[in-house]
Amino acid sequence: MAFIGLGNMGGPMAANLVKAGVDVWGYDVVPSAMETARANGVQVVEDPLEAVPRADVVLTMLPSGQHVISAYQDSPGLLSAAGPGTIFLDCSTINISEAQQAAELAQAAGFRAADAPVSGGVVGAEAGTLAFMVGASAEVFAEVEPLLDIMGARAIHCGGNGLGQAAKICNNMILGVTQIAVGEAFVLGEKLGLTHQALYDVVSKASGQCWAVTTNCPVPGPVPSSPANRDYQPGFAGALMAKDLNLAANALDEQGVRAQLGRLATAIYTEFAAGEGAGQDFSAIINTIREDSQHQSSGPENSSAPLAKDTT
Ligand code: NAD
């Protein structure tokens, strides 16, 4: 197979394929990424068009939809070099409309296509425990599933082309909203005199229970593996959450969905990622909430939260 984009995610994913005995030809525009991949057994090529004709599957793991579309079609693109029956498998996180466009380009050139964005981050990519959300025909899903099973722990067929991306951004919109809600609740608890542990013990077993509390608890202590215990090193960086929420906001606009909380979470994380939050785990949003709350006097006249005022 050909693997295009050997960065933080693609590098370890390609390495896991090699470990499982798959022949992987790899390409990245950055020489250091190619060197690391070579050390992991990937057969690196100086020109991606050398890799594609030998591949039954061309996997892309690139920063954005424009990178994917441009890699597919720009002069000359990956589509121009592929052999009959090739599957174009894009694992990047991109706009649903761009995923559909990429699939249409591949299909118009006579190939098959799937979008299979991932969750699980760099840790999951290294451990081979990613979750893939796949948009493809049932036939294409069945063909790519064995490869996805090497790189991940779960591959879920979500429907036709673009619906893998749809599932990913719906999930991450819930995640963004809940992580903010959990941060707000813990800051309120602090002000009310609750210890973090007491609030955790209640919420983790009560109806407020969610991943943002039980795995990504935003305060140090209750969940020792959460990023809050290591000064909010990601984890899942604020910049990536802002990216995914902006993809969700694009879909909300395209589909005409009201989604006030999803849009507010997008604004909050976009502002967070414009500053030092970009490189911190997204659970560090609690620190912004706490800081803003220090300048906030009490009383019903202040019931409109400063974050909401600043970011809408
Ligand atoms: P990254 O920036 O580390 O890797 C992307 C790689 O693509 C880079 O090495 C870059 O040099 C390369 N590249 C760019 N244009 C290229 C081209 N035309 N041909 C070949 N290589 C090219 O990013 P990443 O963290 O690996 O993320 C990749 C994708 O996975 C993104 O869409 C991201 O949103 C998604 N994702 C990332 C994470 C995460 O935790 N990092 C989690 C889930 C999903």
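This talk goes through one predicted model, from its domains and ligand to a few single residues.

Some conventions come before the structure. The model is predicted, and local features need pLDDT of at least 70, side-chain atom pairs count only at pLDDT 80 or more, while totals for chains, interfaces and linings use all residues. Residues are numbered from 1 along each chain as its sequence is written, and side-chain values use heavy atoms, with hydrogens and water left out.

Let me start with the domains. The chain is assigned domain 1 (2-161) and domain 2 (167-297); such bounds come from an automatic or database domain assignment. Taken over C-alpha atoms, the centres of domain 1 and domain 2 are separated by 30 Å. To the contact between them, domain 1 gives 11 residues and domain 2 gives nine residues. Contact here means heavy atoms within 4.5 Å.

Next, some atom pairs at the ligand. A backbone N or O atom of Met 9 lies 2.8 Å from an oxygen atom of the ligand. For Lys 243, a polar side-chain atom lies 2.8 Å from an oxygen atom of the ligand. At Val 29, a backbone N or O atom is 3.5 Å from a nitrogen atom of the ligand. A polar contact is a pair of N or O atoms within 3.5 Å; within protein, one must be able to donate a hydrogen and the other to accept it, and residues adjacent in sequence count only if both atoms are side-chain atoms.

How much of the ligand does the protein bury? Taken alone, the ligand exposes 830 Å², and the protein buries 84% of that. These areas come from the Shrake-Rupley method with a 1.4 Å probe; for residues, only the protein chains shown count as cover. Helices (H or I, at least four residues) and strands (E, at least two) are DSSP runs, numbered from the N terminus.

Is Met 13 buried or exposed? Met 13 is buried, at a relative accessible area of 0%. Buried means under 20% relative accessible area, exposed over 50%, and partly exposed in between, with a 1.4 Å probe and protein chains only. Leaving aside neighbours within four places in sequence, Met 13 is in contact with Phe 3, Met 61, Cys 91, Ala 125, Leu 130, Phe 132 and Met 151.

Ser 204 sits in the loop between α9 (196-203) and α10, and α10 spans 211-214. Ser 204 is also buried, at 9% relative accessibility. Its side chain reaches the backbone oxygen of Tyr 200 at 2.7 Å. Not counting residues up to four places away in sequence, Ser 204 touches Gln 209, Val 213 and Thr 214.

The loop between α10 and α11 holds Tyr 232 and also Gly 235. Phi of Tyr 232 is near 65°, a positive value in a residue other than glycine. Tyr 232 counts as buried at 9% relative accessibility. A cis peptide bond joins Pro 234 and Gly 235, with omega about 10°.

Another cis peptide bond runs from Ser 75 to Pro 76, with omega near -20°. Pro 76 is in the loop between α4 (65-73) and β5 (87-90).

Ala 259, in the loop between α11 and α12 (260-274), has a positive phi near 40°. Ala 259 is partly exposed, with a relative accessible area of 22%.

Gly 41 counts as partly exposed at 39% relative accessibility. Gly 41 and Val 18 are 23 residues apart along the chain, and their C-alpha atoms are separated by 6.3 Å.
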